[in-house]
Amino acid sequence: MQLNYYKQVFTTITEAAGEVLKLNQRLVKLNRSHCYVETLQLFTKINSSQSVRPDHYTVSAAITACAKLRHVVFGTQLHGNAVRSGLKAFPHVANPLLSLYASAGELDDVRLVFDEIAEPDVYAWTTLLSACAKLGEVEYACKVFDKIPEKSNVAIWNAMITGCAENGAEEVAFGLFCEMRRMGVRCDNYSAASVLSLCCLEGIGFGRQVHCLAVRTGLLGRGSVVNALLTMYFNCGSVAEAFEVFGEAEDGVCDEISFNVMIDGLVGVGRDEEGLIMFKGMQEAGLRPTELTFVSVMSSRLAVSVAKHVHAQAIKLGFEAFTSVSNAAITTYTGCGDSQAAYLVFHKLEERDLISWNSMISTYAQVNDSESVILVYLQMQRAGEKPDEFTYGSLLASSVCIETVQMIQAVAHKNGLIFKIQVSNAMVSAYAKQGQMNLAYQTFQDTKYKNLITWNAIISGFMLNGMVNEGLEQFHELLVSELGPDVYTLSIILSMCASITSLRDGKPVHAYILKFGFSQQLCLGNALITMYAKCGVLDWSVRVFEAMNEKDIVSWNALISAYAQHGKGKKAVDCFEAMQDLSSITPDQATFTAVLSACSHAGLVHDGTQIFNSMISNYGFMPEVDHFSCIVDLLGRAGYLDEAETVINSKEIEAHPNIWWTLISSCAAHGNFRLGRIVAGYLLETEQNNPSVYVLLASIYAAAGQWEEAANVRELMNRTGEVKTPGCSWINS
């Protein structure tokens with residue numbers, strides 16, 4: 001009888017153990033499937049069951065789920081349960097507890113749990129070290145690290161290196177990596193990737209050494225190392241080396257992250273077309289674009305047709321509801337000038353964040369639609385989204401009157417953002433745009449911590465309002481400050497010098513450009529050509545042009561205009577013809593305006609008419625007002641007034657006052673009484689308050705011997721009260 005009882009008890013225990021084993025297997029399976037909530041639900045049922053008692057594996061699985069969910073309250077209850085039931089002594093219970101408190105940032109609890117472990121294993125040491133380093137206790141982590149009796153396991157080193165890397169302790173991470181190598185511990189993909197992520201421009205030499213180590217140890221077969229190398233080289237501006245790493249990677253190593261790094265890196269350095277090619281290559285490799293892929297691609301400057309195609313792909317793959325993708329789509333449509341498409345994306349977006357609202361406000365600000373800017377801002381307020389400094393920056397940029405600027409300033413002050421540098425800079429620009437330079441300068445003075453954008457805003461504001469001397473004075477103040485001018489600053493200053501033909505101020509700026517390594521900046525070379533030309537030093541314009549390693553259409557246009565300003569029409573035509581011989585440069589509308597102007601001033605009728613015809617027939621440009629003005633002026637100056645009249649009466653041209661003014665000047669010069677009266681009649685209808693019309697018409701009558709008519713025109717001018725402003729010279733006597 002007693003034997004049967006023990007057999008029954010043993011059978012019950014065996015069955016219960018088998019049931020617990022099955023349940024534990026289910027818990028582990030749920031954790032591996034990332035179904036952590038379901039793990040805790042199942043554990044709760046097991047714990048409340050009368051027939052099954054959880055063991056240390058059951059508790060371990062539940063604590064692991066809590067750690068993944070960062071569910072500290074539930075985890076603390078499990079901790080208490082483990083202490084009461086004596087299960088905490090098991091390493092696979094204590095270790096998940098370390099992970100639980102580490103994930104929650106509870107460093108004191110991590111230390112307490114660790115101190116109660118009799119013989120910590122590698123997992124326990126790495127969890128403690130990683131938690132201490134990541135939570136800022138780098139010094140304490142180093143002390144703990146020194147106490148570890150055996151450091152041959154690379155995981156312990158990885159915990160320290162990764163933790164220090166993520167907490168900004170780069171020097172400690174570099175030192176540990178070097179010490180690990182000295183001790184003969186073989187680095188793995190985690191340690192290599194962590195230390196590579198720290199290498200910036202100053203540390204690229206160290207990064208290249210790690211790259212060589214990765215080649216020798218075969219780590220380039222790991223995607224994480226390849227991705228870390230790509231990121232490092234792009235961060236250091238070494239695009240060629242990034243391409244080399246990507247091209248040499250083994251088949252199957254490059255994953256979605258690799259392509260994303262390449263796309264983002266190429267877009268970041270302005271190589272948008274190559275980024276788009278990489279995007280196509282990613283799809284050809286059978287990899288599915290991710291959220292980050294579309295954000296990177298749509299951050300580039302795309303043609304509107306390409307932008308729509310990429311956006312359609314994002315929608316097709318189910319990314320339309322992703323806020324970051326829609327934000328990028330808004331930005332790219334704005335860059336394409338399609339604000340309507342940008343608004344449609346914004347309108348369909350269900351979950352809008354601050355970036356969404358700022359992007360839409362910025363879209364309308366860029367097209368100067370101030371009314372829509374205010375409406376979107378009010379919608380943002382009603383939606384409960386709190387504006388930031390970038391919101392107010394866009395609002396200020398779109399302001400159309402001084403009252404709006406002051407109102408936005410007051411709201412920014414109320415929200416505590418008035419001292420943000422972005423708001424201060426936008427206020428300086430907004431006041432300058434409204435012509436309120438006193439307020440702009442006062443805001444500039446009140447800005448305690450100025451950055452280069454602040455200086456550029458006040459300097460460009462002075463230039464915008466014609467206060468060139470004040471702008472140059474601020475530039476000199478900038479030179480003696482802790483900051484230095486950038487390309488934009490120098491281009492503004494050169495424009496100022498050109499506007500007042502101040503060679504005295506322009507030459508030192510050129511010297512600064514040469515001294516501080518700005519000479520290869522294309523826009524500055526173009527600005528120097530223009531500055532020297534306007535200051536009357538044509539040979540220096542030519543010297544700057546010839547010294548430029550790279551030339552764009554603006555460079556050629558600047559030189560042609562320089563020749564035109566100095567009456568060197570034949571040189572301008574030769575320059576134009578030399579430019580046509582280059583396959584990389586295509587003339588634009590401004591090119592033809594410049595060369596036609598040169599022909600006009602030099603009387604090159606044959607060359608001018610030939611170039612005018614080629615603009616239409618060879619390049620497919622429809623002539624604009626400036627081109628017609630130039631050709632009419634060219635014909636008129638040379639005395640071909642009938643031909644000029646034919647041009648102006650052609651169907652292709654809608655007569656513009658500028659063209660009529662050009663023609664009446666030629667009529668006055670050549671004494672063409674008939675045509676002069678016709679042109680003057682038109683101008684008197686359109687610009688009857690301009691005294692110059694009367695003066696030129698009187699001159700035409702006088703040149704034709706019609707003295708009575710000339711006197712009548714003068715009398716008419718006096719009766720209408722029009723007075724011609726006397727001529728004067730700005731040259732000091």
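In this predicted model, the buried residues of helix α15 are S258, F259, N260, V261, M262, I263, G265, L266 and V267. Here, buried means under 20% relative accessible area, exposed means over 50%, and partly exposed is what falls in between, using a 1.4 Å probe and protein chains only. Helices are DSSP runs of H or I with at least four residues, strands are runs of E with at least two, and both are numbered from the N terminus. The buried residues of α15 pack against α13 (223-235), α14 (239-248), α16 (272-284) and α17 (291-297); a contact is a pair of heavy atoms within 4.5 Å.

Next comes a pair of helices. Two packed helices are described by the angle between their axes and the distance between the axes. For α2 (residues 36-48) and α3 (residues 56-69), the angle is about 145° and the axes are 9 Å apart. Axes are lines fitted to C-alpha atoms, for helices over the stretch in contact, with angles running from 0 to 180 degrees between N-to-C directions. Among the residues making this contact are Y36, L40 and F43 of α2, along with A61, A65 and L69 of α3.

C535 sits in the loop between α31 (522-534) and α32 (538-547), and it counts as buried because its relative accessibility is 17%. Leaving aside neighbours within four places in sequence, C535 touches C497, T501, S502 and L503. Not counting residues up to four places away in sequence, S614 touches F592 and Y619.

As for confidence, pLDDT is the predictor's score for each residue, from 0 to 100. The chain averages 80, and 87% of the residues score at least 70. Over residues 1-16, though, the pLDDT is below 50, and this stretch has one contact in the model beyond near neighbours in sequence.

Residues are numbered from 1 along each chain as its sequence is written, and side-chain values use heavy atoms, with hydrogens and water left out. Local features need a pLDDT of at least 70 and side-chain atom pairs count only at 80 or more, while totals for chains, interfaces and linings use all residues.
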